[in-house]
Amino acid sequence: MSGAGSAPAGEAHAPGARGPEGTIPLAVPNIGELERRYVLEAVESGFVSSVGPFVSEFERRFAERVGAKHAVACASGTAAIHIGLLLLGVGRGDDVVCSDFTFVGSVNPIAYCGARPVLVDAETTTWNIDPALLAAELDRRAVAGEAQPRAVEIVHVLGQPADMEPLMDACERHGIPVLEDAAESLGATWTAGRYAGRHTGTVGRIGCFSFNGNKIATTGGGGMLVTDDDDLAARARHLTTQAKVPDVGYLHDEVGYNYRLTNIAAGLGLAQLERLDDFVGAKHRIAARYDEAFADLPLVLPPRVEGLGATYWLYSVLVPETDGRGRDEFLDHLNGLGVGARALWRPLHAQPPFLTAPVLGGAVGDGLFARGLSLPCATELTDADQDRVIAAVRSFFA
Ligand SMILES: *Cc1c(COP(=O)(O)O)cnc(C)c1O
């Protein structure tokens, strides 16, 4: 299933390819024969734009796969979140709670709406938004008579589901709708408790996914909004297609967006969806192999939490606090040995556009950024290449 032979030379995201110096890439798309077939079919059918059979078929199959009633295909994960927030009524002057430790694509749509993000730190067990901090903030606002956030955005980072029960309890207690940013967690499920068997993105009122090139399944660029609410789904479809009303005279009943996925991209997505179980299986295999190889090292390994079934979209580790050396030394060491390791995100409270946003806590996210990096975990990573990564990691501690 490797397209390495036809990959453009030096292309960082070329499937299965090595970087210029033979570097093992962090993560690259897995594009094969099925993808080629569906994309070609889309091109040859003439339906290259947002109208076409693959778009609705992709939506139908995606909804079925994650167990949602509706799925609306969008041009990106960021666009899906933007539409999701609009559906929840987020507007100018509102507060929206968001995980502090996440990719900036989670929070930018809050700013697009003219709303103010309220950043809540991660917890150390899941690296996701801290349920105790969130509950304390919502309870405090209720007691103080302050306005509650218009919505709470819960991100499942790195393929790790959040501890959803206490988060939902807090939001439901105060009547605040939840939007799940499941951009990184396609294929992840809760495996015990109230949400056992449910896929990330289907517990909150709205769930959003991304099919960017680095995600577990890709459409080149794309996203999906899922919901069980008929009216929200209809409105999402309306808003993503320029709010066009059926009428001969180009009637648009509000300000809409050109946010619909194209038929070509949907063809790619359909093929990826058919292979998703293999991708998730590969991520699990890679993670289990790393876990075993690093068990005796002083590294902090990715969260393994009973009941929260992660996909290990990225396999991320932390340099121990007790180590005199930091993440940069670790990164330099690995990169120098041809291992395409990469730092975790700078928390949002430290990003220039959000320096003035209120933040609750922040030290956990700071610690993840200061000490964390991700190791190569492309679904096509060979055992031999993984052994090279393992040897490189072990030699740092030798
Ligand atoms: C990738 C990502 C997004 C944005 O998705 P795009 O498809 O790149 O717009 C949003 N949130 C998180 C957590 C992501 O990883």
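Student: Which side chain meets that of Glu 57 in a salt bridge?

Tutor: Let's start with the ground rules: this is a predicted model, where local features need pLDDT of at least 70 and side-chain atom pairs count only at pLDDT 80 or more, while totals for chains, interfaces and linings use all residues. Residues are numbered from 1 along each chain as its sequence is written, and side-chain values use heavy atoms, leaving out hydrogens and water. A salt bridge is a side-chain nitrogen of Lys or Arg within 4 Å of a carboxyl oxygen of Asp or Glu. At 2.9 Å, N to O, the side chain that meets Glu 57 is that of Arg 61.

Student: Which helix holds both Glu 57 and Arg 61?

Tutor: Helices (H or I, at least four residues) and strands (E, at least two) are DSSP runs, numbered from the N terminus. The two residues are 4 apart, about one turn of the helix. Both lie within residues 53-66, which is helix H2.

Student: How many salt bridges are there between domain 1 and domain 2?

Tutor: The domain bounds come from an automatic or database domain assignment, which gives domain 1 as 33-274 and domain 2 as 275-397. A search of the whole structure finds 27 salt bridges. Arg 65 and Asp 277 meet in a salt bridge at 2.5 Å, N to O. Between domain 1 and domain 2, the count is 2.

Student: How much area do the two domains bury between them?

Tutor: The domain centres, taken over C-alpha atoms, are separated by 25 Å. Contact (heavy atoms within 4.5 Å) takes 50 residues from domain 1 and 37 residues from domain 2. Buried area is the accessible area (1.4 Å probe) that two parts lose on being put together, summed over both. Of this area, 68% is on carbon and sulfur atoms, and the total is about 3,700 Å².

Student: In S14, which residue is the bridge partner of Leu 119?

Tutor: S3 and S14 pair in the parallel sense, over 2 bridges. In S14, the partner of Leu 119 is Val 359.

Student: And in S15, what is the bridge partner of Ser 316?

Tutor: Here we turn to an open sheet of 3 strands, ordered S12-S15-S13 with antiparallel pairing. Its edge strands are S12 (315-318) and S13 (342-343), each pairing on one side only. S12 and S15 (residues 372-375) pair over 4 bridges. In S15, the partner of Ser 316 is Ser 374.

How values were computed:
Pairing = 2+ DSSP bridges.
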